[in-house]
Amino acid sequence: MTYWQLVTLLVLSTGIVALTIDMMLPALPAIGRDLQVAGANDQQLVITAFLIGFGVAQLVYSPLSDAWGRKPVLIGALMLYVGATLFCLTAWTFEVLLFGRFLQGMSIAAARVVSIAIARDLTSGRRMAQVVSMAMMVFMAVPVVAPSIGQLVLFVAPWRWIFVILLIAATGLAVWLSMRLPETLHEEYRRKLNLRQTIGVFRETLRHRALVGYALAGACFFGGLYAMLNMAEQLMAQHFGLGTRWTLAFAAMAACMAVTNFANSRLVMRFGQRRLSQVALIGFTLISAGHVLLILGGMDTIWVFLPLLSLAMMLMGLIAANFNALAMEPVGHIAGTASAAYGFGTGVLGALIGMSLGQLYNDTALPLIAGQTVTGLTAFVTVYITEKGELFGEGTAD
């Protein structure tokens, strides 16, 4: 593949993941009404079901792509995604829709795992970092526009048409890949599927303090982020009374996170991964704690909520990528499996934490902001233990 074809592959693969999550946010009330969901907070499970499926399946695609090759696994998973999207499109009950969303998450997880493996096959070092950074920029930028796209669909069509758009996008991507994507895994690097060996490699990942510690801290961090996704429409459209304009407020917050994600590639070279992520985590926790005090003092308004949460989101952008890099430091020899283990831990645990916080929603911003305070503090304590009490330096985790 040419450099720009590789970039396009990663951009489209990561972009469709973000679209599948964020385009659904404006549709949650309509889904609840149409499928007769009993509780308003239960609508959030449309997001959680996808995230759990996305986290679980990452454990599967890494060994499959190492054995069967990148291209057949990626295209096969996209075909499964098309089937899962059709299933969601025709869902006749809320439970059926949740199962379809779980299948969507399981299938599209291959886009993350296999596309990164393809980048690793074709590039290395700074070139790979450049390619992956561009893909991450798109992944962070898509949430800026995806809810607005979903809202535009709802202006002219029922919520099921969001799945039609996802169906067209996935089919187009599968056709393009089938014609343009070569097999990038050389025959001499293929591994036979061996369940015992695979379990042994996963066990080895659990022996590395940095990977386990930063995966647990990342799960707490992502739990706060997923709680925000779950409650976003209820808080901004309903509680703060923004109506359909809430997607613009959401876009502003997502843009803050995208900007600092972009800036992270420069800042990390100057300050280092540990110092940057740990300072950002402390700042995130303190801002959230101060926000809680303001809400308890009666200042639960959009003019307090939006600036403070946007500032917290900016700091989130300095945490996610650096936590991932720190977790992967000692496991370069099993990078594919370790990345899948990290994705599973942060994805599934983060989704469950986000779901638990989302179910506490009570028509105020307090459950979200208090929850993010707790998850931020828990993540900091986990990092402190992982680094054996030595913060802001080169680190001691191994």
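A: Phe50 is buried, because its relative accessible area is 0%, and the limit for that term is under 20%. The model described here is a predicted one, and the values that follow are to be read with that in mind. Across the whole structure, a search returns nine aromatic pairs.

Tyr214 sits in helix H9 (residues 209-239) and Phe323 in helix H13 (residues 320-328), so the pair ties together parts of the chain that are 109 residues apart in sequence. Both partners are under the burial limit of 20%, for Tyr214 counts as buried at 0% relative accessibility, and Phe323 is buried with a relative accessible area of 1%. Elsewhere, Phe87, Trp92 and Phe99 form one aromatic cluster.

If its neighbours within four places in sequence are left aside, the contacts of Gln58 are with Ala109, Arg112, Val113, Ser339, Ala340, Gly343 and Phe344.

The loop that lies between helix H2 (28-34) and H3 contains Gln36. Its phi is near 55 degrees, a positive value in a residue other than glycine. Gln36 counts as exposed because its relative accessibility is 72%, and exposed requires a value over 50%.

Next comes the packing of helices, which is described by the angle between two axes and the distance between them. The axes of H4 and helix H7 (residues 160-180) come within 9 Å and cross at roughly 160 degrees, and H4 and H7 are therefore roughly antiparallel to each other, a term that applies to angles over 145 degrees. The crossing in which H4 passes H7 is left-handed. On the H4 side, the contact is made by Lys71, Leu74, Ile75, Leu78, Met79, Tyr81, Val82, Thr85, Leu86, Cys88 and Leu89, while H7 contributes Arg160, Phe163, Val164, Leu166, Leu167, Ala170, Thr171, Leu173, Ala174, Leu177 and Ser178. Sorted by class, this contact of H4 with H7 has 17 nonpolar, three polar and two charged residues.

Gly83 also belongs to H4, which covers residues 70-89. With a relative accessible area of 36%, Gly83 is partly exposed, because that value falls between the 20% and 50% limits. From Gly83 to Ala169 the separation is 86 residues in sequence and 13 Å in space, taken from C-alpha to C-alpha.

A further helix pair consists of helix H12 (residues 302-316) and helix H15 (residues 366-386), which pack at an angle of about 30 degrees with their axes 13 Å apart. That angle makes H12 roughly parallel to H15, because angles under 35 degrees are counted in this way. The crossing of H12 and H15 is left-handed. From H12, Phe305, Leu309 and Met316 meet Leu368, Ile369 and Gln372 of H15, and by class the contact of H12 with H15 has five nonpolar residues, one polar residue and no charged residues.

In the segment after H15 lies Lys388, a residue other than glycine whose phi is positive, near 55 degrees. Lys388 is partly exposed, because its relative accessible area is 47%, and a value over 50% would be needed for the term exposed.

Note on methods. Residues numbered from 1 in each chain as written. Predicted model: local features only at pLDDT ≥ 70, side-chain atom pairs only at ≥ 80, totals over all residues. Heavy atoms only, no water. Helix = DSSP H or I, 4+ residues; strand = E, 2+ residues; numbered from the N terminus. Buried < 20%, exposed > 50% of the residue type's maximum accessible area, 1.4 Å probe, protein only. Axes fitted to C-alpha atoms, helices over the stretch in contact; angles between N-to-C directions. Parallel < 35°, antiparallel > 145°, perpendicular 65-115°, else oblique. Left-handed = near helix turned anticlockwise from the far one by under 90°. Contact = heavy atoms within 4.5 Å. Nonpolar A, V, L, I, M, F, W, Y, C, P; charged D, E, K, R; others polar. Phe/Tyr/Trp six-rings, centres within 6.5 Å; stacked < 30°, edge-to-face > 60°.
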